[in-house]
Amino acid sequence: MAERHTPESVIALIKKEGVQVVDLRFIDFIGTWQHVSVPANNVDIGFFEAGLGFDGSSIRGWQTINESDMLMKPIADTAFIDPFYAAKTLVMICSIHDPITGADYDRDPRGIAKKALHYLTSSGIGDVAYFGPEAEFFIFDDVRFDQTQNQGFFYLDSNEGRWNMGREEFPNLGYKVRNKEGYFPCPPTDQLQDIRSEMMLTLQELGIPMEAQHHEVATGGQCEIGMRFAPLVEMADNLMKYKYVIKNVARKNGKTATFMPKPLFGDNGSGMHVHLSIWKDNRNLFAGDGYAGLSQTAMYAIGGILKHAAALLAFTNPTTNSYCRLVPGYEAPVNLAYSQRNRSASVRIPMSHVSEKARRFEFRCPDPSCNPYLAFSAILMAAMDGIVNKIDPGDPLDKDIYDLPPEELAKVPHTPGSLKDALAALEKDHAFLLKGDVFSKDVIHNWVQYKTQNEVKAKDLRPHPWEFVMYYDI
């Protein structure tokens, strides 16, 4: 486990390791790490309380220009030595505050996650929520894209991509991953073993417990590296480190990594199945003798997630590209139902025979483009709403969905078909997120407004290359 730090131990670590630079990081509203660096000799005990001022109007979705001043305060317990910078650098994640009142900033995603945890404990339902995300990603050898007034294109390439079977490579050795057959052949077909191991071991050096790494289903470099579950805020921190390490190890090796949900046409997209369990007094509240070994509490939690799924997807699948992955008729989990084995259901109960401690369910819709603090918080709030209101999830869907007759399949609700639809669902259904002041109306409004204006409308205004194939000669 990662070492627990205090301001005093951080200062001692700076001296012990010969740290030259301290890098302060926070996550913006949309889900990207931002950072600023200070000389290590500027960091003393007072620095942790005084913090560092910055311009909040330059951060996506945050302050207006006339209220731009904001304050970041380093959180000692998040300290780690950066594995990539040339100068010895210690990193700390920061909380965001109003510089005048000192109050927590309402739109700080990490602050929202802390409020979600507080709401869980204050409700008496539980004292810890464990999250286990399975974030998939692609590693490419080349990426080019552009969009101007008179042209738009993207070009991706991978040395193991199926489309390169006939490419002259001087020589082409023929080991390419067939579409949907990347799970998971040994090298030389799998060409990314060493780079994934480097990613996994780097994450482990940062104190993140790792489970396994492997090639994923799609051709062209789809991968997954498994992290061990952790409490909500810690897991969101770990996922940000995960993305950071994967991107930078790829770059170090002359490659590029992306968490874009659907970069390739005709093969699997990258999801992020999220495992959840709620505990109290060191007891797993989801363990029981009901369906698939779950408790009634767990069933109510599933009911809450299924009820609010359409709104949840505005946070868990927050890009227009997310809905190129969530398409009916494929392996994507678009069916709003639960099952112990059916991977096309949006909620699946893993078959676990190890112990009651392992009882959990996974919400399979999310993808790794999300802001993890907001996504995990929203999932927890939906699950808690199900528990409090005893929402019945209905019967499980254990049948093969692809063999269901049309009239029966029509009765199974589906996920929204676009980001626009998910945002509309969030506008209608967000009261469960406002409980305990976890999310505010301002956060919900600002999220919908930003995503609509900067992503939905931005994409709608631009011609798509495939439209020229269909319509140029009309």
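This passage describes the fold, the packing and selected local features of a predicted protein model.

Residues are numbered from 1 along each chain as its sequence is written, and side-chain values use heavy atoms, with hydrogens and water left out.

The protein chain contains 14 helices and 18 strands; helices (H or I, at least four residues) and strands (E, at least two) are DSSP runs numbered from the N terminus. The C-alpha trace spans about 65 × 60 × 50 Å along its principal axes. For 474 residues, a compact globule would have a radius of gyration near 23 Å, and the value of 23 Å for the protein chain agrees with this. The radius is taken over C-alpha atoms, and the globule rule is 2.2 Å times the number of residues to the power 0.38. Of the 474 residues, 53% are buried, where buried means under 20% relative accessible area, exposed over 50% and partly exposed in between (1.4 Å probe, protein chains only). Among contacts (heavy atoms within 4.5 Å) with a separation of 6 or more, 68% involve residues 24 or more positions apart.

In soluble globular proteins, nonpolar side chains tend to be buried together. The largest nonpolar core of the model has 127 residues, and Phe-131, Tyr-242 and Phe-439 have the most contacts inside it. Such a core is a set of buried Ala, Val, Leu, Ile, Met, Phe, Trp, Tyr and Cys residues joined through side-chain atoms within 4.5 Å. Leaving out residues up to four places away in sequence, Phe-439 touches Ile-112, Phe-315, Leu-374, Ser-377, Ala-378, Leu-433, Leu-434 and Ile-444.

Helix α11 (residues 419–428) has Leu-419, Ala-422, Leu-423, Ala-425 and Leu-426 as buried residues. Seen down the axis of α11, these buried residues fall within an arc of 155°, so they line one face of the helix; the arc is that of the directions from the helix axis to the C-beta atoms. The face turned away from the buried side carries the exposed residues Lys-420 and Lys-428. The packing partners of the buried residues are α7 (309–316), α8 (322–325), α12 (431–434) and α13 (441–460).

Arg-196 lies in helix α4 (residues 193–205) and has a relative accessible area of 1%. Its side chain makes a polar contact with the side chain of Gln-213 at 2.5 Å. A polar contact is a pair of N or O atoms within 3.5 Å; within protein, one must be able to donate a hydrogen and the other to accept it, and residues adjacent in sequence count only if both atoms are side-chain atoms. Beyond four places in sequence, the contacts of Arg-196 include Asp-190, His-214 and Glu-224. Arg-25, in strand β1 (residues 21–27), is buried at 2% relative accessible area, and its side chain makes a polar contact with that of Tyr-85 at 3.4 Å. Among the residues that Arg-25 touches, apart from those up to four places away in sequence, are Trp-33, Asp-82 and Tyr-244.

Strand pairing requires at least two DSSP bridges between two strands. Strands β16 (residues 335–339) and β17 (residues 345–348) run parallel and are joined by three bridges, whereas β17 and β18 (residues 361–363) run antiparallel and are joined by two. Arg-348 of β17 is the bridge partner of Ser-339, and the partner of Arg-348 in β18 is Glu-362.

Backbone geometry was also examined. Most residues other than glycine have a negative phi, and most peptide bonds are trans. A cis peptide bond joins Tyr-183 and Phe-184, with omega about -20°, and the bond from Pro-187 to Pro-188 is likewise cis, with omega near 10°. Asp-281 has a positive phi of about 50°, lies in the loop between β14 (272–280) and β15 (283–284), and is exposed, with a relative accessible area of 63%.

Terms used:
Predicted model: local features only at pLDDT ≥ 70, side-chain atom pairs only at ≥ 80, totals over all residues.
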